[in-house]
Amino acid sequence: MKVLILAMLLGLSFAQHNPNTKHGRTSIVHLFEWRWADIAAECERYLGPNGFGGVQISPPSESIVVSNPWRPWWERYQPISYNLCSRSGNENELRDMITRCNNVGVNIYVDAVINHMCGAGGGEGRHSSCGTYFSANRKEFPSVPYTSWDFNDGKCRTGSGNIENYQDVNQVRNCRLVGLLDLSLEKDYVRGKVADYMNKLIDMGVAGFRVDACKHMWPGDLGAVYGRLHNLNTRWFSPGSRPFVFQEVIDLGGEPIKSSEYFGLGRVTEFKYGAKLGTVMRKWNGEKLSFLKNWGEGWGFMPSDKALVFVDNHDNQRGHGAGGASIVTFWDARLYKMAVGLMLAHPYGVTRVMSSFRWNRHIVNGKDQNDWMGPPSHGDGSTKPVPINPDSTCGDGWVCEHRWRQIRNMVIFRNVVNGQPFSNWWDNRSNQIAFGRGNRGFIVINNDDWDLDVTLSTGMPGGTYCDVISGQKDGGRCTGKQVQVGGDGRAHFRISNRDEDPFIAIHADSKL
């Protein structure tokens, strides 16, 4: 009997590594701080037609409201209840968005904040996104309800009640993360409340969760919560499908808690990926693109089938979290497009693309003093809609990297080459590289300070292909550069180091 139960649990956990994406779609986009109404429209007009697999949404649970007079983005990571009302919209708008996105084949993944409630200094009253009463001072959250009995303070052994030493596993998992009230997830009651919240979202039609701050929760407690989760809604998913789980675990090495402790529960965010790729793209410490021949596990990363990868995320693009100044972001647009292009062409991991908003950067002694700034907002603090310009970019402070032609076309590239092996590697022993994906795609990148001029074996069938970086196939013609592949699979590439985008990508569906 024990063996049978163990086999069932293992089956459930490994099913949670599958993102459940539809129709050969392979990539997720994080529409950070978007309103539900805007995400619904974006699924229908853009994400569905362009082959995006899913959207990671900001936390939908009720949170504190910090208004003096600004409202920081991190409000969303300080819940005060599991009511589904946030500055992205109310429960009806959330339900409408989930339905409309699912109907066009785009999954929804919820950013779930279950390690903690708001900060201990969060006060009391109705300063919350639904106007619900709470008292951080007394650890009372009546809308759940949680009381002081439901928090870990009695198990924390530091004078401050906060994590003081990341080398102490018990502190990291039982004490407060930067003052946030740490939930006692070992208690059956707390597990039940968290599972109820997640199950309500699953029943509404979400495909899975990005689980925040997993390093600060015991794997056994998380396993107990995940084991209570419902199967996905059969209106949109196959019977028996399990929610996709990808867990935020910042592990750059040097700490006792390892990302591998969470592999059995679902995928894990591979923070080394963006940190190392940024160092290579910036050519720091003598790093070169040519070193990427064994990119992935060969660089000490977790196994590909356990990893969710990204060039940057909402934390480290602001200097928080992991990677420091090496992280490449939209502020370095030329490097960023190359880095995201490389990520989407390479077979390692499940890929997530970032979609950001701008803020007024103010760097003092290497730290951005405005890293707290929330999304583009009206005077009353409500989030502005995302306007779409005639050229398909976004306005009013929304960056929308996922709408940049080069990134959108590489999302399509990844779909076209899905399942094909990494092949036909070439490098110049410096910062010019090329590689293919079987006979379905080929990418060439020049990050050197001189021109690339070379004939390469692409592995592609002979013919004329449209470069999907400088343009794209439009009917029977190409709006960008063309690449002529001979009957022997060889093609000549010339990329100036002065090009706006010094890389070229072709795939089976870009053949003219």
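Strands here are DSSP runs (E, at least two residues), as helices are (H or I, at least four), both numbered from the N terminus, and two strands pair if DSSP finds at least two bridges between them. This is a predicted model, where local features need pLDDT of at least 70, side-chain atom pairs count only at pLDDT 80 or more, and totals for chains, interfaces and linings use all residues. Residues count from 1 along each chain as its sequence is written, and side-chain values use heavy atoms, with hydrogens and water left out.

**View A. A hairpin built from strands 15 and 16.**
Strand 15 (residues 422-427) and strand 16 (residues 432-437) run antiparallel, joined by 4 bridges. Look for Asp427, whose bridge partner in strand 16 is Ile433. There are 4 residues between the strands, and Arg429 takes a positive phi near 65° in this hairpin.

**View B. The largest cavity.**
A cavity is a set of points on a 1 Å grid over the protein atoms alone where a 1.4 Å probe fits but cannot get out; lining residues have an atom within 4 Å of a point. Points join across faces, edges and corners, and volume is the space filled by probe spheres set on them. This one has about 70 Å³. It has 14 lining residues, and Asn152, Arg173, Leu183, Leu185 and Asp221 sit closest to its centre.

**View C. The second largest cavity.**
Here you get about 40 Å³ of space. Its lining is made by His30, Gln56, Arg210, Thr269, Phe271, Asn313, His314 and Arg352.

Conventions: On a 1 Å grid over the protein atoms alone, a cavity is a set of points where a 1.4 Å probe fits but cannot get out, and a pocket is an open set with protein on both sides within 12 Å along at least five of seven lines; lining residues have an atom within 4 Å of a point.
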